[in-house]
Amino acid sequence: MPRVLRDVVGSLTHEGAVAFDLSKTDPLLHLTFTKGAALLEESFYRTQVGEIRSYAAALLAAERHERGFGWKFGAYMRDPVKGKGNRIQGSVAPAILAAADPEGPFTEEYTFRCLQHRADDVVLFLTHFENLGLGEVPPAARKGMARALAGMDVYQLLKYARRQFPVARRRKNGQRASLRLVDAMGVAKAHLDERTLKLYRYLHAPTRERGPLAAGLELLDARRAFFGGDASVEHFVNGRLSTEQALSFMGSTEETWRRVLDVPGLLPDLAFKGYLRAMHLAGIPVEVLLAEARRRRFAGLWPHQVYMGWLAAMNGSARANYSGDTFKFHAEAVPALAPVFEAILERVCEGLLPQGLSLGLADISGSMFDAALGGAKSTAKVGDVAVVLSAVMARELGYAATFSDDVFIEQRRPEQEVFDLATKLREGKGWGGTQVANSVVNLVSQLLEKPSRPRPRTLYFFSDMQFHPPEAQMMSPAKVAWLREHDVAFDASVPPLQAALQAWHRALGPVDVVLWNLAAYDASPLPSRVPNVLILSGFDANSFRHVSAWQAAGSPAAPENPASAVTDSDAGKNPGVELDFIRTF
């Protein structure tokens, strides 16, 4: 193992793959790659308290190393369009940093940037101060809270006004205490603009005194009239009633749903997907739902999210109660909705992948379908992401695969739908592996044996394991012998994976490899020192964009000495695509 790797080895997996502790040598990479997928929940390795402590230490270390980077990381993590859209980190990060640097130059501006997307983020920000023992919210952060609230319309604020956000503290009666949006507004009251202050006074007042305070707020007037008995379309539209409010007041009927669908923007794309079953059972024909799906954009939605809805429609679903030991709700299968989910997927996949044919190779070991994606209670697992992204790539390439030391190709049949192919992949043979050099050579042999099969430009290995570093992998002597027997040169003087890719280039043309560890770990792989190999860690909504940028730059190897990374004098010059992108927030 090269010395530069030995210096930062933190642990070995059961197969000997190397995991690295970057916290001392490069705190920016440690925060970005190690904590970028952290769920801040209790994990296999430690308690939730331990997870939070570890996250806070990484965040503060990065901020000390490069002033402002931790704040920008928080804004990047929360941004639902350009960033990861991670809601828990997007409110935890500014709370920790505001408490650590209450009057710093970034506190007001980046509190605002982290909290500006949804009203409940502002309340969660306040709960973190109480739950983590961070003290009072500093004045600069209160100004940021007020700016975030000022940018939200009345509809957004009222949507979360009734919700209770629990905190760790207990009340005198033993019940768990909670905070509301009005509590967060009260903390920032001194800095609220006129409109938001008026809404705060309305929400803070006793119910019997609210009537006069609603004057001048058209949305409030319309809602009060609607729920007062005048359920007219005019009041329905002007009050911008949420779907839940409309259903609770008017019932889940065909007429209700048609009225909801007739109001532009009332039913967002994600909610449309979630309510497909309810709309169908209420009497909305599949043809109407199909047409509605085809006209929507579904921006920000990912293939695995659509896949989970498809699975529930095909197989039915059950929701457990709080204790998890009995089932509270069961929904029967509605396979008639399958075409609607496929139509949604078509929209989601537009412009999703980088240019060129891609082959997805999924690890389908048992652990892949145990690790939750996005939260401890999430039904989506990292294995679902692996099989559905591989199947999506097969739409153009014509096949997908699973892998171990070998590669098991699953050909896509003519007219076979993506979700059906994803299910076939899940039933395959490839239980992953931390070394992929042998898999690459195995794939070379299969493609040479079938010259008519399209050649992928990029190979994506999806797994939940730490991969062996590309420069520290090994290759079976039998694989090397096979290459030489078929007149494909193998350069034993370079790392085996690099040699395998050189052999591919000679035999089949250009190719890149993306080693994508979908799960969150306490230690992270180092960036690849091998050209044409990129390592990704955690699930990131912008990862494909990073692949495109890397390939556009010629698929280079990472710098030889990552430990030197960024200093105060050269901040912004680090060639790491992810770090430079975070600095733009």
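What order do the six strands of the open sheet have? I read E9-E8-E7-E10-E11-E12, with mixed pairing. (Strands are DSSP runs of E, at least two residues, and helices runs of H or I, at least four, numbered from the N terminus; two strands pair if DSSP finds at least two bridges between them.)

Before going on, I note that this is a predicted model, where local features need pLDDT of at least 70, side-chain atom pairs count only at pLDDT 80 or more, and totals for chains, interfaces and linings use all residues. Residues are numbered from 1 along each chain as its sequence is written, and side-chain values use heavy atoms, with hydrogens and water left out.

I then checked E7 (residues 358–362) against E10 (residues 458–463): they run parallel, joined by five bridges. Ser 358 has Thr 458 of E10 as its bridge partner.

H21 (residues 382–397) packs on this sheet and touches E7, E8 (399–403) and E10. Contact here is heavy atoms within 4.5 Å. The direction of H21 makes about 150° with that of E7; angles run from 0 to 180 degrees between N-to-C directions, with axes fitted to C-alpha atoms, for helices over the stretch in contact.

Last, the helix pair. The axes of H18 (residues 286–295) and H20 (residues 338–348) come within 9 Å and cross at roughly 5°. That makes H18 roughly parallel to H20 (angles under 35 degrees). Among the contact residues I found Leu 289 and Leu 290 of H18 and Ile 344 of H20.

Notes. Parallel < 35°, antiparallel > 145°, perpendicular 65-115°, else oblique.
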